[in-house]
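Subject: Handover of a structure and summary of findings

Dear colleague,

Please find below the structure that I am handing over to you.

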Amino acid sequence: MEKPAASTEPQGPRPVLGRESVQVPDDQDFRSFRSECEAEVGWNLTYSKAGVSVWVQALEMDRTLHKIKCRMECRDVPAETLYDVLHDIEYRKKWDSNVIETFDIARLTVNADVGYYSWRCPKPLKNRDVITLRSWLPMGADYIIMNYSVKHPKYPPRKDLVRAVSIQTGYLIQSTGPKSCVITYLAQVDPKGSLPKWVVNKSSQFLAPKAMKKMYKACLKYPEWKQKHLPHFKPWLHPEQSPLPSLALSELSVQHADSLENIDESAVAESREERMGGAGGEGSDDDTSLT
């Protein structure tokens with residue numbers, strides 16, 4: 001895979017913030033993402049319980065674009081199993097009850113593709129969807145998967161969904177032993193709307209931890225499921241297995257948030273159903289998502 005020319009710009013989430021054209025992330029981008037996952041300065045801890053911690057970082061330039069970081073210890077789950085679960089789109093349709101529709105669109109390189117994902121939002125907010133360029137990289141016993149939003153000419157915004165923008169979202173999976181690992185989820189997403197404060201609070205203190213725990217349970221069941229569903233088919237490990245058509249980067253463009261309709265949902269009150277569901281700390285399984 002041919003790498004983009006080296007850049008002298010500062011460390012940070014460069015794929016969108018530092019580039020006007022669509023590019024596949026290079027080694028520096030992966031290193032930058034890893035550093036941010038491991039950083040502590042500037043992050044406010046909002047949740048810590050049962051091996052799951054959540055931090056939030058508000059950006060001064062636009063307080064609606066907060067970052068969220070969620071970390072979970074995974075016992076009895078090898079790093080490679082968690083990596084497979086995050087890649088396996090067919091399995092995600094089984095365990096992620098929040099998904100409306102998800103599919104891969106095209107292959108860009110041996111470790112990058114373009115895909116579509118739509119998900120349910122907490123009622124009564126509108127549901128969202130996103131088109132992303134996703135890339136991945138094994139780093140010894142660790143793994144990184146990350147994405148950012150792009151525009152694809154055949155998949156314009158839909159009238160029944162709000163097109164969100166992933167400025168940068170991803171996972172760092174770090175092996176801590178032959179059958180254990182730690183996963184860090186880092187997201188900076190523009191949901192295209194002035195979201196109510198209760199949504200932001202719920203996301204950081206309730207929905208993100210719950211979604212991580214749900215993913216953990218899915219990992220425990222994955223080996224048995226995979227044995228019955230094309231056990232040797234893993235195109236993220238064996239790119240020659242990929243059935244996706246190839247796509248030139250020139251067919252894509254960066255999805256800027258300001259080019260999309262802004263949905264003002266700041267006055268939307270949390271539904272009684274959602275309040276009752278969240279009061280006991282469990283709620284509905286249909287309101288959690290990690291894109």
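In this summary, a residue is called buried when its relative accessible area is under 20%, exposed when it is over 50%, and partly exposed in between, as computed with a 1.4 Å probe on protein chains only. Helices (H or I, at least four residues) and strands (E, at least two) are DSSP runs, numbered from the N terminus. The model is a predicted one, in which local features need pLDDT of at least 70 and side-chain atom pairs count only at pLDDT 80 or more, while totals for chains, interfaces and linings use all residues. Residues are numbered from 1 along each chain as its sequence is written, and side-chain values use heavy atoms, with hydrogens and water left out.

Helix H3, residues 79–87, is mostly covered, as eight of its nine residues are buried. The buried residues in H3 are Ala79, Thr81, Leu82, Tyr83, Asp84, Val85, Leu86 and His87. Two of these names return in the description of the largest nonpolar core. A nonpolar core is here a set of buried Ala, Val, Leu, Ile, Met, Phe, Trp, Tyr and Cys residues joined through side-chain atoms within 4.5 Å. The largest one has 32 residues, and those with the most contacts inside it are Leu82, Leu86, Ile173, Ile183 and Met215. Two or more residues of this core come from each of S2, S3, H3, helix H4 (89–95), strand S7 (142–151), strand S9 (165–177), S10 and helix H5 (197–227). H5 gives the most to this core, with seven residues.

Contact is defined as heavy atoms within 4.5 Å. Leaving aside neighbours within four places in sequence, Ile183 is in contact with Cys70, Arg71, Met72, Cys74, Leu82, Leu86, Tyr171, Leu172, Ile173, Met212 and Met215. In soluble globular proteins, nonpolar side chains tend to be buried together.

Two strands are said to pair if DSSP finds at least two bridges between them. S2 and strand S3 (residues 67–75) pair in the antiparallel sense over six bridges, and the bridge partner of Trp55 in S3 is Lys69. S3 is in turn joined to S10 by nine bridges, and these two strands also run antiparallel.

Gln57 belongs to strand S2, residues 52–57, and is buried, with a relative accessible area of 15%. Not counting residues up to four places away in sequence, Gln57 touches Glu36, Val41, Gly42, Trp43, His66 and Lys67. Tyr185 is placed in strand S10, residues 180–190, and is buried at a relative accessible area of 6%. Tyr185 and Ile68 are 117 residues apart in sequence, yet their C-alpha atoms are 8.0 Å apart in space.

Cysteines

The structure as a whole holds zero disulfides. Cys181 counts as buried at 1% relative accessibility, and Cys70 is buried at 0%.

Strand S5 and its partners

Strand S5, residues 112–119, is mostly covered, with eight of its eight residues buried. Both faces are covered: Ala112, Val114, Tyr116 and Ser118 are buried on one side, and Asp113, Gly115, Tyr117 and Trp119 on the other. S5 pairs in the antiparallel sense with strand S4 (residues 99–109) over eight bridges, and S4 and S5 form a hairpin with two residues between them. The bridge partner of Thr109 in S5 is Ala112. S5 also pairs with strand S6 (residues 128–139) in the antiparallel sense, over eight bridges, and Gly115 stands opposite Thr132 in S6.

The second largest pocket

On a 1 Å grid over the protein atoms alone, a cavity is a set of points where a 1.4 Å probe fits but cannot get out, and a pocket is an open set with protein on both sides within 12 Å along at least five of seven lines; lining residues have an atom within 4 Å of a point. The second largest pocket is lined by 25 residues, of which Ile89, Asp104, Phe233, Pro235 and Trp236 lie nearest its centre. S4 gives the most to this lining, with five residues.

Yours sincerely

Terms used: A disulfide is a pair of cysteine sulfur atoms within 2.5 Å.
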